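User: I am new to this structure and would like to learn how to read its features. Could we go through them one by one?

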Protein chains: 2
Amino acid sequence: MDSLKVALLGCGVVGGEVARQLTVHADDLAARIGRPLELAGIAVRRAGRDRSDLPVDSALFTTDAMGLVTRGDIDIVVEVIGGIEPARSLILAALEAEASVVSANKALLAEDGAALFAAAEKYGGDLYYEAAVAGAIPILRPLRESLVGDRVRRVLGIVNGTTNYILTRMTESGAGFAEALEEAQALGYAEADPTADVEGFDAAAKAAILAGLAFHTRVTAADVHREGITDVTSADIASAREMGCVVKLLAIAELSDDGESVGVRAHPAMIPLTHPLAGVREAFNAVYVECEAAGGLMFYGQGAGGAPTASAVLGDVVAVARHRVNGGRGPGESAYANVRLRPMGETRTRYHVSLDVADRAGVLAQVATAFSEHGVSIETVRQAKHGSDDAELVIVTHHADDAALSDTVEAVRQLDVVRGVLSVMRVEGQ
Amino acid sequence: MDSLKVALLGCGVVGGEVARQLTVHADDLAARIGRPLELAGIAVRRAGRDRSDLPVDSALFTTDAMGLVTRGDIDIVVEVIGGIEPARSLILAALEAEASVVSANKALLAEDGAALFAAAEKYGGDLYYEAAVAGAIPILRPLRESLVGDRVRRVLGIVNGTTNYILTRMTESGAGFAEALEEAQALGYAEADPTADVEGFDAAAKAAILAGLAFHTRVTAADVHREGITDVTSADIASAREMGCVVKLLAIAELSDDGESVGVRAHPAMIPLTHPLAGVREAFNAVYVECEAAGGLMFYGQGAGGAPTASAVLGDVVAVARHRVNGGRGPGESAYANVRLRPMGETRTRYHVSLDVADRAGVLAQVATAFSEHGVSIETVRQAKHGSDDAELVIVTHHADDAALSDTVEAVRQLDVVRGVLSVMRVEGQ
């Protein structure tokens, strides 16, 4: 039986594990596909690095990725290089060479997925990328295939393990952001340059991918409102606890009530302890999907790491390989709905605002007036004695346009009776 | 564009919801498939029942299910009748008529899945059945497709909402089994004859389906060791709480450490509160899958009900319809591994045993001797004063063959110093 030839682009933590599993589990994979897979080449950036720990022939390594992809006999290209270029050019060349592509590249998919899908469509190949969001957790296939007979209303995801680890430490050990980040770096959960994670770029890219699949609409990372966790303070964490909530960096994609627009965002938010996502600790990931018919579903597991990510990559490899053997193709881009993407200001959210105010009569009236002048309705107010002359006012609003909420906070900040804004955070998951 | 003709067999809670969603969401479904679906007929047992609440033409109803399935122009048959016959004959006839089949029938799949898959293979159709296990939760597709590049080690599932509701009430309100069952019946979570649920038949059928997919081995309900929850007592629930555990009815499928055999069972067990399944309350379902590369994954959501089950059915309808449009077929039966199914007695488990013993010197020595004579190693013993002359001895064992554990309990029961066995339960999820 002819083998299916696999070209592997990238041989880092994930690529090495893909190569290893492809080799070690070759018999099982062949049985599940109906034909054996053959690792035909591994493109690496630097030749000569010692890779003797991998059970693969050293002759397979090449620094000529483009030559490997276009040599003409490759059935499946696995791209685990990451970043925009040269990954994009290599994937486009692979599809043009009529290979199917499996990628773990969230940044590229979120920036230019449409071009990749168009090429897959044109040349008849598959484009799979389960590993791009939430590592080992099957979430893209469920969205593309299992829930495709339903209507998704909202997706809430904890899709970045680094920030979830940091926020968990801040919550459970009382560490500040800087300390928790250092701890995450020491444990290998955060990179030396943590920007992509802590500033929310990674979560925003994943939010774009999730939103596109959930709402059959083209969404890029540039469409996503993004806020990181670097400004989350111990006061925010404490305020959340007082409210029976916990702070999480959430990737959120939600349809408006009228079904006419979709908002996509990634930012820290308070969620109630009773929400299934609240118990997702440390570096774990989870995605909570709310559907019209299915109700709430949660998908939970490891969001990163070599072996878990390789599991997702290999699941896709088997899927596209089966198509080579049995015919057919997986779902392509589905953007027929083309729902309007609403800007953040129009998104309906709720705010938790904690204020340091003067402890005297009439303060609450002034603050409440500022809210009402912006059309923002208050759900609860709690007033706590602070110091001799200070009080803390904790306000949770009803849903309102995010712009109005943001303006309200600015107006309140200007009030003489308000000495400081202790914490402002959106409240989700209720 | 020609429509794809769908025959619906059964129009109860699930079937009615399938018909409704097929009609109401026709435009979305057509866009996602690439061709419209047309509800071509609905087979019902009794003619003349008022179904005017459904947005479908009353001329579509027929009592001649076989005639509908074999009329020659049906692309997709949706079977939501349940039970073995006539469902099996209808599905076989549908496949022979070159239709694809979507079924929610766990009993049939667990009893005779192999024959159905053989027919699908022979005539080139698809056989999908996501709704058969855990309702709306995508779990079969993840096992068949997403995790197919990995090696599953163990599946632990809360797959029966009725029993999970009853056990939740017993845990949280202190109700006894009979009282909690009545409450479940009043709320519609349990049927008037609750046997299939409370005796574990439903969970056992689902365990067989999960095991077959996870281990690429043919498993039927008859291969599954089954125990229900009717004997779970308040003492068991209290013992679990003392241990930091909770009692759940689990569907379990696990590979032996040497990978040479699979054990499949459904029975009540204690799991630690720290396990992700412990927080799955009321009628919710969840399946926890442990994989070699992916680690632990959990899939959580609603396991029953008309709309959630219809969501799973319609996801499958879209999948098989896409194959009609684009070519290809979904995965067929995968039983190549043909792993030996080990009997319950050989299965390695742990027991929690709570004994009412005489409060005098030497009791622990006698009990411990009985354990050691059966080759069962004790992990922890806790002794609590009970009455004036009574004590309670709580023992948790290490892993041992289930037969040895069971024999040990019988031997201990015969000891003069043991006045009664208060609670015996397996401990899982550690």
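User: Which residues in α1(A) meet α12(A), and which residues in α12(A) do they meet?

Analyst: Keep in mind that this is a predicted model. From α1(A), the residues are Val13(A), Val14(A), Gly16(A), Glu17(A), Val18(A) and Gln21(A). They meet Gly306(A), Ala307(A), Thr309(A), Ala310(A), Val313(A) and Leu314(A) in α12(A). By class, the residues of this contact are 7 nonpolar, 4 polar and 1 charged.

User: How do the axes of helix α1 and helix α12 of chain A cross?

Analyst: Two packed helices are described by the angle between their axes and the distance between the axes. Here the axes of α1 (residues 13–24) and α12 (residues 306–326) of chain A come within 8 Å and cross at roughly 60°. α1(A) is therefore oblique to α12(A). The crossing of the two is right-handed.

User: What is the order of the strands in the open sheet of chain B?

Analyst: The order is β3-β2-β1-β4-β5-β6, with 6 strands and parallel pairing. At the edges are β3 (61–62) and β6 (127–128) of chain B, each of which pairs on one side only. To look at one pairing, take β2 (residues 37–43) of chain B, which runs parallel to β3(B) and is joined to β3(B) by 2 bridges. Ile42(B) has Phe61(B) in β3(B) as its bridge partner.

User: How many residues of chain B are in contact with chain A, and which element supplies the largest share?

Analyst: There are 49 residues of chain B in contact with 49 residues of chain A. On the side of chain B, α2 (26–33), α6 (140–146), β12 (295–302) and α12 (306–326) each supply at least two residues. The largest share, 12 residues, comes from α12(B). By class, this side of chain B has 25 nonpolar, 16 polar and 8 charged residues. The copies meet through the same surface, because 100% of the interface residues of chain B are also interface residues in chain A.

User: In which sense do β12 of chain A and β12(B) pair?

Analyst: They pair in the antiparallel sense, over 3 bridges. Within this pairing, Met298(A) stands opposite Tyr300(B) in β12(B).

Technical notes
Residues are numbered from 1 along each chain as its sequence is written. Chains are lettered from A and ligands numbered from 1 in the order in which they are written. This is a predicted model: local features need pLDDT of at least 70, side-chain atom pairs count only at pLDDT 80 or more; totals for chains, interfaces and linings use all residues. Two residues are in contact if their C-beta atoms, placed from the backbone, lie within 7 Å. Helices (H or I, at least four residues) and strands (E, at least two) are DSSP runs, numbered from the N terminus. Ala, Val, Leu, Ile, Met, Phe, Trp, Tyr, Cys and Pro count as nonpolar, Asp, Glu, Lys and Arg as charged, and the others, Gly among them, as polar. Two strands pair if DSSP finds at least two bridges between them. Axes are lines fitted to C-alpha atoms, for helices over the stretch in contact, and angles run from 0 to 180 degrees between N-to-C directions. Angles under 35 degrees count as roughly parallel, over 145 as roughly antiparallel, 65 to 115 as roughly perpendicular and the rest as oblique. A crossing is left-handed if the near helix is turned anticlockwise from the far one by less than a right angle, and right-handed if clockwise.
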